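Subject: Structure handover

Hello,

Here is the structure I promised to pass on. Please open it alongside this note.

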Amino acid sequence: MSEPLAAAALDQLFRTARTQNAFLERPVDDAQLHALYELVKWGPTAANTTPARFVFVKSAEAKARLAPALDAGNLAKTLAAPVTVIVGFDEDFHEKTPFLFPHVADAKSWFEGPRENRHVPAFRNGSLQGGYLILAARALGLDTGPMSGFDNAKVDQAFFSGTAIKSNFLVNLGYGDPSGVFPRSPRLPFDEAARIE
Ligand SMILES: Cc1cc2nc3c(=O)[nH]c(=O)nc-3n(C[C@H](O)[C@H](O)[C@H](O)COP(=O)(O)O)c2cc1C
């Protein structure tokens with residue numbers, strides 16, 4: 001049993017947190033990226049498959065490899081961000097299932113067969129982990145700018161060639177510059193997005 005978080009924590013995670021389009025010139029060090037993963041890894045996934053794979057694109061060399069894949073509207077802000085996370089998913093995630101789900105001896109067999117049969121669980125659970133990454137970053141006082149406006153095939157070629165890992169979406173990471181934030185868009189009211197049966 002846990003108590004609800006304080007209102008300030010809920011604000012930081014949800015109510016006042018914003019998607020960032022510009023970042024302050026304040027670096028994010030590697031220890032923060034490790035701290036971020038150390039939170040993200042605990043988020044739940046089916047059979048603890050944890051298929052997400054993360055590349056923290058930080059160096060000028062790696063940013064230059066990412067750049068040709070970006071949509072024009074995402075280019076400048078991504079090059080300027082302290083870090084850009086490639087959130088990928090491993091379609092051969094099941095190879096690690098004996099380690100990750102040890103109390104079920106044959107769990108790997110649930111996912112064996114053609115790679116394309118693992119796409120849905122890899123994408124579903126990897127996407128969840130990408131969401132956990134956004135919230136974990138906010139919990140650590142960082143800001144994010146997620147993006148799907150890029151060429152996935154180019155990113156896969158540049159970063160995941162010869163593997164079963166595919167890119168899902170990107171997340172710029174740093175300390176947001178409030179001047180780059182768009183006006184807050186509305187959200188659907190409960191009755192349009194949900195019902196209780
Ligand atoms: C998966 C995903 C993909 C997105 N793709 C882009 C993108 O390519 N370019 C962009 O400028 N914003 C992108 N966004 C930002 C969304 O438009 C933004 O998060 C949303 O409007 C909510 O903004 P808010 O957090 O400030 O309320 C993306 C967000 C998500 C979660």
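Predicted model: local features only at pLDDT ≥ 70, side-chain atom pairs only at ≥ 80, totals over all residues.

Four strands form an open sheet in the order 1-2-4-3, and the pairing is antiparallel. Strand 1 and strand 3 (143–147) are the edge strands; each has a single partner, so one side of each lacks a neighbour in the sheet. On average, neighbouring strands are turned by 25° against each other, direction ignored. Strand 1 pairs with strand 2 over 6 bridges. Arg53 sits opposite Gly88 of strand 2.

Helices on the sheet. Helix 6 packs on the sheet and touches strand 1, strand 2, strand 3 and strand 4. Its direction makes about 10° with that of strand 4. Helix 7 (residues 152–159) runs at about 90° to strand 4, lying across strand 1, strand 2 and strand 4.

Helix 2. Which residues of helix 2 (residues 30–40) are buried? They include Gln32, Leu33, Leu36 and Val40. These residues cover an arc of only 100° around the axis, so they lie on the same side of helix 2. Ala31 and His34 are exposed, on the face turned away from the buried side. The buried residues pack against strand 1 (52–57), strand 2 (83–90), helix 6 (119–139) and strand 4 (165–174). At the start of helix 2, a side-chain oxygen of Asp29 comes to within 3.2 Å of the backbone nitrogen of Ala31.

Helix 4. Thr78 belongs to helix 4 (residues 72–80). Thr78 counts as buried because its relative accessibility is 0%. Beyond its neighbours within four places in sequence, Thr78 is in contact with Lys63, Leu66, Leu70, Thr84, Met147 and Asn172.

Aromatic rings. There are 5 aromatic pairs in the structure. One of them is Phe89 with Phe123: centres 5.7 Å apart, planes at 75°, so edge-to-face. Phe89 is in strand 2 and Phe123 in helix 6, so this pair ties together parts that are 34 residues apart in sequence. Phe89 is buried, with a relative accessible area of 3%. Phe123 is partly exposed, at 38% relative accessibility. Trp110 and Phe111 also pair edge-to-face, because their planes stand at 65° with the ring centres 6.4 Å apart. Phe111 is buried, with a relative accessible area of 14%. Phe93, Phe101, Trp110 and Phe111 make up one aromatic cluster.

Best wishes

How values were computed:
Residues numbered from 1 in each chain as written. Heavy atoms only, no water. Helix = DSSP H or I, 4+ residues; strand = E, 2+ residues; numbered from the N terminus. Buried < 20%, exposed > 50% of the residue type's maximum accessible area, 1.4 Å probe, protein only. Contact = heavy atoms within 4.5 Å. Arc of directions from axis to C-beta. Polar contact = N/O pair within 3.5 Å; in protein donor to acceptor, adjacent residues only side chain to side chain. Pairing = 2+ DSSP bridges. Axes fitted to C-alpha atoms, helices over the stretch in contact; angles between N-to-C directions. Phe/Tyr/Trp six-rings, centres within 6.5 Å; stacked < 30°, edge-to-face > 60°.
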